[in-house]
Amino acid sequence: MTAPFRIGFVLFDNLTQLDFTGPLQVLSRLPGAELHLVAKTLDPVRSDCGPFILPTTRMADCPQLDLICIPGGFGVDQAMLDAEIIAFVQAQAKTARYVTSVCTGAFVLGAAGLLKGRRATTHWVYHADLAAVGAIPTQGRTVRDGNVFTGGGVTAGIDFALTLVAEIAGEALAQTIQLGLEYDPAPPVDSGSPDKAPAGVLDAANARYAPRLEDFRQALSGVVL
């Protein structure tokens, strides 16, 4: 690995904050990491939980990246239909060493034509919809197909980023970063996946997501591959 190693996160309104900040915290500790928070403008970007994020560069000014990462969130509905965002992702993906996403950010990669015939994952609610963008839906906290790495929902972004660190700079550094962050999950409840959740909890989650999924699929129908 040579310095600088340019890492770019694509930002858009209504992204899920942890989709972005989890991987950011891990990947920022790569030796030589040069971070770019990329958006269409330098205006603050609103996250889904309130705080704003300040981009560091516009898409038009962004250098060629070694690693591009697309976070997810409800704002994906607009992002995957945004011609400027899609063109930027396509251009960067041509030479990036790693093309990546977390959670529903996978659908931005998909809308850019980057998941056709590739194994990929996303948040469990949207997993089957990956087929609509030509991907092969594959279960996993992190799924790799060539130089494309996709992470599952939200907190999976930390596992995803540690996987990338191990790939880029070796397992020892990934372990050192994990220890420094004291990333040692021990949740007080055990309902973090559909397979583990009690039936009533899963039913409640599905009911909560049903209107959201309808809106998402309406937006997804506008993607032209």
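The model is predicted.

**Exercise 1. Determine in which loop Val-154 is found and whether Val-154 is buried, partly exposed or exposed.**

Solution. 
1. Val-154 is found in the loop between E11 and H5.
2. The phi of Val-154 is near 45°, a positive value in a residue other than glycine.
3. The cut-offs are under 20% relative accessible area for buried and over 50% for exposed, with partly exposed in between.
4. Val-154 has a relative accessible area of 26%, so Val-154 is partly exposed.

**Exercise 2. Carry out the corresponding analysis for Cys-103, giving its phi, its location and its burial.**

Solution. 
1. Cys-103 is not a glycine, yet it has a positive phi of about 55°.
2. The location of Cys-103 is the loop between E7 and helix H4 (106-111).
3. The relative accessible area of Cys-103 is 4%, so this residue is buried.

**Exercise 3. Describe strand E11 (residues 148-151): the directions of its residues, its pairing and its hairpin.**

Solution. 
1. Val-148 and Thr-150 point one way from E11, while Phe-149 and Gly-151 point the other way. All of these residues are buried.
2. Strands of a sheet pair through backbone hydrogen bonds, in either a parallel or an antiparallel sense.
3. With strand E7 (residues 98-102), E11 pairs in the parallel sense over 4 bridges. In this pairing, Thr-100 has Phe-149 of E11 as its bridge partner.
4. With strand E10 (residues 142-145), E11 runs antiparallel, and 4 bridges join the two strands. Here Thr-142 has Gly-151 of E11 as its bridge partner.
5. The hairpin of E10 and E11 has 2 residues between the strands, and in it Gly-146 takes a positive phi near 65°.

**Exercise 4. State which residues touch the most other members of the largest nonpolar core, and list the contacts of Met-80 beyond four places in sequence.**

Solution. 
1. The largest nonpolar core has 66 residues, of which Met-80 and Val-89 touch the most other members.
2. H5 gives the most to this core, with 6 residues.
3. With neighbours within four places in sequence set aside, Met-80 is in contact with Ile-86, Phe-107, Val-108, Ala-111, Phe-216, Ala-219, Leu-220 and Val-223.

**Exercise 5. Characterise the surroundings of Gln-92.**

Solution. 
1. Gln-92 is found in helix H3 (residues 83-93).
2. Its relative accessibility is 4%, so Gln-92 counts as buried.
3. The side chains of Gln-92 and Gln-64 are joined by a polar contact of 3.0 Å.
4. Not counting residues up to four places away in sequence, Gln-92 touches Cys-62, Pro-63, Gln-64, Leu-65 and Ile-68.

**Exercise 6. Classify the aromatic pairs Phe-5 with Tyr-98 and Trp-124 with Tyr-209, and state which parts of the chain each one links.**

Solution. 
1. Ring centres must lie within 6.5 Å for a pair; planes under 30 degrees apart count as stacked, over 60 as edge-to-face and the rest as tilted. The count comes to 7 aromatic pairs.
2. The ring centres of Phe-5 and Tyr-98 are 6.4 Å apart and their planes are at 55°, so this pair is tilted.
3. Phe-5 in E1 and Tyr-98 in E7 are 93 residues apart, and their pair links distant parts of the chain.
4. Phe-5 is buried, with a relative accessible area of 1%, and Tyr-98 also counts as buried, at 6% relative accessibility.
5. Trp-124 and Tyr-209 form an edge-to-face pair, with 6.3 Å centre to centre and 75° between the planes.
6. Trp-124 lies in the loop between E8 (119-120) and E9 (136-137), and Tyr-209 lies in helix H7 (residues 199-220), so the pair ties together parts that are 85 residues apart in sequence.
7. Trp-124 is partly exposed, with a relative accessible area of 31%.
8. Phe-107, Trp-124, Tyr-126, Tyr-209 and Phe-216 form one aromatic cluster.

How values were computed
Residues numbered from 1 in each chain as written. Predicted model: local features only at pLDDT ≥ 70, side-chain atom pairs only at ≥ 80, totals over all residues. Heavy atoms only, no water. Buried < 20%, exposed > 50% of the residue type's maximum accessible area, 1.4 Å probe, protein only. Pairing = 2+ DSSP bridges. Core = buried A, V, L, I, M, F, W, Y, C linked by side-chain atoms within 4.5 Å. Contact = heavy atoms within 4.5 Å. Polar contact = N/O pair within 3.5 Å; in protein donor to acceptor, adjacent residues only side chain to side chain. Phe/Tyr/Trp six-rings, centres within 6.5 Å; stacked < 30°, edge-to-face > 60°.
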